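User: Could you take a close look at the interface between the two chains for me? I'd like the contacts along with the cut-offs behind them.

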Amino acid sequence: MYTTNPESPRPPFEILRAYIETPFEKRYLAYLRYAWQERSWHVISAVPGSGKSLGIDELVWKSGAYKDKTGITYLPVLAIRSPKNNARAQDLGIALSSAMGVVPTMPWNRLRFWLVQAMASLQVECIIVDDAHDLNRLTLGFLKELTDNLAALPYRRLVGLGLVTAHSNDLVPLIEIIKQPDEIWRQFYRRMDKEHPFCVVDGHTQAEIVEILPNFEELYRSQLPDLRLRRWANYIYEQLTNPIIDLDSSRRVTMDNLTKFVTSAVRRAYDRGETDVNGQILKETAELMIQHRDDLFHIDGDSTTFHIDGDPINDESPPEQAVG
Amino acid sequence: MQRVSIDDPAWRTTFPHPVKPLEDEWLAGLLLRCDEANDWGSGFTISYLFHSIGRDNWKGEVNFIMPPTSIFEKLSQLLAIPKSALLATTYQPELARICGVSIPHTIQLNPSFWFRFCPECVSQDRMLQRTLTLAHMNNCPKHQIALVRTCQCGMHQTLFSRKAQPFTCPACGMRWAQFPRSPALQKHIVMEQKILLWYKIFFTQGTPTLLASVVTLIGRKFRERNKLGRISRLSGKTIKAEFFSPYYRTNFSLAYLVDLLVSLDLSPNDLI
């Protein structure tokens, strides 16, 4: 962990957050936008921590949705998080209606028909379900019913569908349900995109890490004026593709891991009064995130000081690399 | 703010289709338009509002001339518009000022209200005017046609009926906009213009002092006319002049005062 210096004249370190359109986000959003524009159906999968939910928020935010007080509302992309724990169709219905705002409670047999009307009047063009690996036969079946009703008279409204799932070991969830031989799943599968019904969006390569790091340099420029992360790109990439973190040995880096690594390193540098990270700081960060990740923390004594069980850091620092 | 964007926290706390009050719209009409905009049955919005304040059995005990103030707080959030804009769909602020109380009561405005509407206002703008809550108004001042209460099927219309779509007859489904129109008689138009003028004086300038002046004026006119014995009121009933006592002036409703002012053929100039 880290130790704050109470004598430091600097204000406390501030973690900054900003949406970075990473190469992963570009790949991933391209599929979601395709589903929206072409009204196509896809299961889009990526490993946990890739930035799937952030990407959905970004897409919805930029979709131009509004509620006008003349009674006209435009919600082209209706995004929800899948209900959990063996959800029923009505749980999904409630999640969909909640994304529209406040909807008074109504019986399920009424809500399921109201949803069709509401989605037509809100001009919904694409439904995105985050954490779609939590969907089941009942909720998937309701999605089919809902979109079928929208496609029929009087609405005649085709709607894209993006089922965003987390996966591991290249096993994409939902395939085993959708590819069943029953008639309903044959119909469901028939509605899916003909070329790319199941997509896996990969994490970041080493070259892409080089591309992303300047965004963090800019983000933390006010706190670490000399911050130059790019020169450590190779080291960071190697650490974050360590099999302890990269469980599938994909040799790809997730944005979550990269953000945590960089944030931890720049905070450590800031608390030591530095204006840039150095090899020693990166090494300590890597040790904490990888080698000591599952070590128990003993919290005792001075509340500002934590210590961990483990060997003292005495290895050599990583070599600085000429990158970027 | 005319629009709510999806990154605004108000997105989650507003109805899917929020509506805003039209000029001089009555709260009940706003609630019906909200039902209609959101594809809900008649009375869905008002039921939700009362449910949210813990009053599920609101039917029969609430009129929409002076509804409970707590519903305005909730409705303000659900429509993302200021509470003051919602209060303006009633005569509550005006009546509070006139009577010098914080929360006025319906009987201080109109103790004998029943719902009627102008089919033309509904047809043109889905509009229920705030003036529908005023006593002695039997015609639409804008369209000069008679206000209607009963459908051709014989059903008295109610504001909210969960069996019906908004702005329709709960019995036969006929749209209020399609109800037949009857032109108002000229003498009624003239009379109601006088009535509205007095209401306007009260609503724009009314204070307890003005109210006292009006009561004093009426009392004086009654004494002058005492020899006539009885005075004919707007409803056609008569009142014995000696029965009017200014000592009980706090109990007079605006409806009663306007009735007497017009019946006595008094104009605002008589107040000076």
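Analyst: Happy to! Across the interface of chain B and chain A the rule finds one salt bridge, meaning a side-chain nitrogen of Lys or Arg within 4 Å of a carboxyl oxygen of Asp or Glu. Its partners are Asp68(A) and Arg3(B), with 3.1 Å from N to O. On the side of chain B that touches chain A, at least two residues each come from β1 (3-5), α1 (10-13), α3 (44-52) and α4 (70-79); helices (H or I, at least four residues) and strands (E, at least two) are DSSP runs, numbered from the N terminus.

Please keep in mind that this is a predicted model, where local features need pLDDT of at least 70, side-chain atom pairs count only at pLDDT 80 or more, and totals for chains, interfaces and linings use all residues. Residues are numbered from 1 along each chain as its sequence is written, chains are lettered from A in the order in which they are written, and side-chain values use heavy atoms, leaving out hydrogens and water.

Strand β1(B) also pairs with strand β2 (residues 66-68) of chain A: the two run antiparallel, joined by three bridges (pairing takes at least two DSSP bridges). Within β1(B), Ser5(B) is the bridge partner of Tyr66(A).

As for the whole interface, 28 residues of chain B are in contact with 28 of chain A, contact being heavy atoms within 4.5 Å. Together the chains bury about 2,500 Å², 57% of it on carbon and sulfur atoms; this is the accessible area (1.4 Å probe) lost on being put together, summed over both.

Terms used. Buried area is the accessible area (1.4 Å probe) that two parts lose on being put together, summed over both.
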